[in-house]
Structures are given as C-alpha cells and as structure tokens.
Amino acid sequence: MQRRTLIRTALASSLAAGLPAFAQGPGNWPTGKAITYLVPFPAGGTTDVLARLIGQKLGPVLGTSVIIDNKGGAGGSVGSEIGSRAAPDGFMMVGGTISSHAINVSLYPKLGYDPQKSFAPVTLIGTNPLVLVVNQASPYKTLKDVLEASKTKSGGLSSASAGTGTSQHLSLELLAFKSGVKFTHIPYKGSGPAIQDVIGGQVDMMFDTTVVAGPHIQSGKLRAIAVTSAKRLASMPDVPTVAESGIAGLQDFEVLSWQAIFVPAGTPAPIVERLHTEIRKILATPEMQEKLKGFGMEPADFSTAKIAAFQKAEVEKWAQVIKAAGIKAD
C-alpha cells in the first residue's frame, strides 16, 4: 500500500513538473520567456489592433511580456501555419479570424494547417460587420451608384481587400454573386495598406471592418456606403445595410467578420483555461467593452466548447458559399 502511494505521489509530481507553473494555480506565468501573440496580418488591421490592446493587459496579469508578431500573407494562412507548428506550451497565441480559421480551408487546395484540428480555441473576442467604403471624393453615394458604375466600367470597379479569402474579399464576391455585377478584386497583404490605397484614390472601394474603416469615416477621408449586418449599427445609424438597398437578390445579404484567439493543438487544458479566464476578464472590463462597441463589435462571451461549435458551423457555411459562387484563390 505504501509502495502504491509512493508511486502515485511520484507520478503526480512528474506530471506537475511537466506542466509550466502557470497551469497549476493563480501564480504568475514563468518569467524569462515572453508569450508570442502571432497576428497573421500586417500591422494596422483589426486583428493587430485587438492583439495590441489585449497584449498590453495580459502581460502584466501573467507576470511576463506579450510580443506581437505580424506574419501576413494569403489571407492569414501564412502566419496561421507558422502558429500551428509552434510548441503547444502556452507561449504561442494566434489571432484567428473568419478568413484564417473558417474560409481559407475551402479556398486554398493545399492549406498547410487544419483550422479546427491544428488549433485549440481560447477566446472568441467578438463579431464585427463590415462597411463598404469609397474615397471621400468619390462620386458614389449609394450602393445603387456603385453597382450601376461597375456595370459600365470594363472589368467593373476595383475593390481592395486584406487578402484573398478574407472577409473583405468574400463580402465582395457575395455581392457580385447575388447582384450579378462584376468587380475587380485587388488583394493586399492586410487591411492597413489596402485601405490607404482607397483613401488615396488608387482603388475605387473596399469592404472592411468598422475597426479599421471607422476612424477614416469619422475623419472624413472615407464615405460609408452600406454595412453588411442585418440591422444598422448604433455607431453608424445613418449608414444603411446592404439589404436595405432594395436591390433584387440582396434582401438577405449578411456578412459578419469575427475575431478569436487560438493556441496550437495539444496545448494542455489547464493552460488553455487559464488563458481563457484571464482574457475574458480583460474583455469584460468597462474599458474594453467600450472599445469593442466603439469599433462596432458585438462582444461574445463563449466557452471554449461553444467557440469550437461556432467555428465548425462557420467552416461549413463558407464552404457552401465558396462552392456556390465558384470562388477560387487568386
């Protein structure tokens, strides 16, 4: 009996030693090693903005630093693949989006990771509709103006996106599919450079999240044409929805982008739960709630199991849209 007790004690000690100290209780994250928060898009986009806000708060809570690492390309696929191959030890977090963790698996024939099997969900930060914007000097003031102009222009109006397969791209393709109007898609390596070219007049228009487009709309550099949500946004009450345009085929148009945080698959459950708990606390503060709502985001307090179910449904939804519209990676 004593021998069995000693064996169980030794085994428990070995298992505890195999897990970093942060998984065992309220103690601080081990010092001397920073957490990498990998953003699979360039600086300036929604995922990057949220990562920096969360990282600033998370580091002090865990007693270590959080380093933002931007690895853009292929609609978030390049950085996500890098993140999926990191050690599952709690020192790698990946900013996941509707594109990187729901759309791309149906868009790219040889994706280097599985959005569900290669990751474990930590937190769903929130959902966010997109807004169609044009340069403030553009002659287009309504969605009808945009569609009519695109019909008469060879190749259609040009529309920027943060990359092939992103929510910006899929919003455009869904608009083209449902309205029967052609556009020219111009993918960039992130929202930052894309929206700057819309502001500069090099590109006719762009769908983007209110996080990125909102400040430029408020400053007068961009004009909002329509939002992709089912209802108007409280932050933009004068901007109609795409569905409100009254144009045939667009009555049920709705696209909601989303932002989440993942860790590599195989990360021990206690580590995932600690990250989930601490990040949820940060997101629940009045300061962060105000920022999220100011961005036009709807906060989402999901359990990790509910995030997994939500992600599965999103993967299936966009697989159907991509197949029906015949969308292919550029």
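Which residue forms a salt bridge with Glu81? The partner is Arg85, and the closest N and O atoms of the two are 2.5 Å apart. A salt bridge here is a side-chain nitrogen of Lys or Arg within 4 Å of a carboxyl oxygen of Asp or Glu. Glu81 is partly exposed at 23% relative accessible area, while Arg85 is exposed at 64%. Buried means under 20% relative accessible area, exposed over 50%, and partly exposed in between (1.4 Å probe, protein chains only).

**About the model**

This is a predicted model, in which local features need pLDDT of at least 70 and side-chain atom pairs count only at pLDDT 80 or more, while totals for chains, interfaces and linings use all residues. Residues are numbered from 1 along each chain as its sequence is written, and side-chain values use heavy atoms, leaving out hydrogens and water.

**Two more bridges**

The structure holds 11 salt bridges. Another of them joins Asp252 to Lys178, at 3.2 Å from N to O. Asp252 is exposed at 56%, and Lys178 is partly exposed at 27%.

Glu278 also forms a salt bridge, with Arg274, at 3.1 Å between the closest N and O atoms. Here both residues are buried.

**The nonpolar cores**

A nonpolar core is a set of buried Ala, Val, Leu, Ile, Met, Phe, Trp, Tyr and Cys residues joined through side-chain atoms within 4.5 Å. The largest one has 47 residues, and Leu143, Leu175, Phe183 and Met205 touch the most other members. A second, separate core has 31 residues, including Phe41 and Val263.
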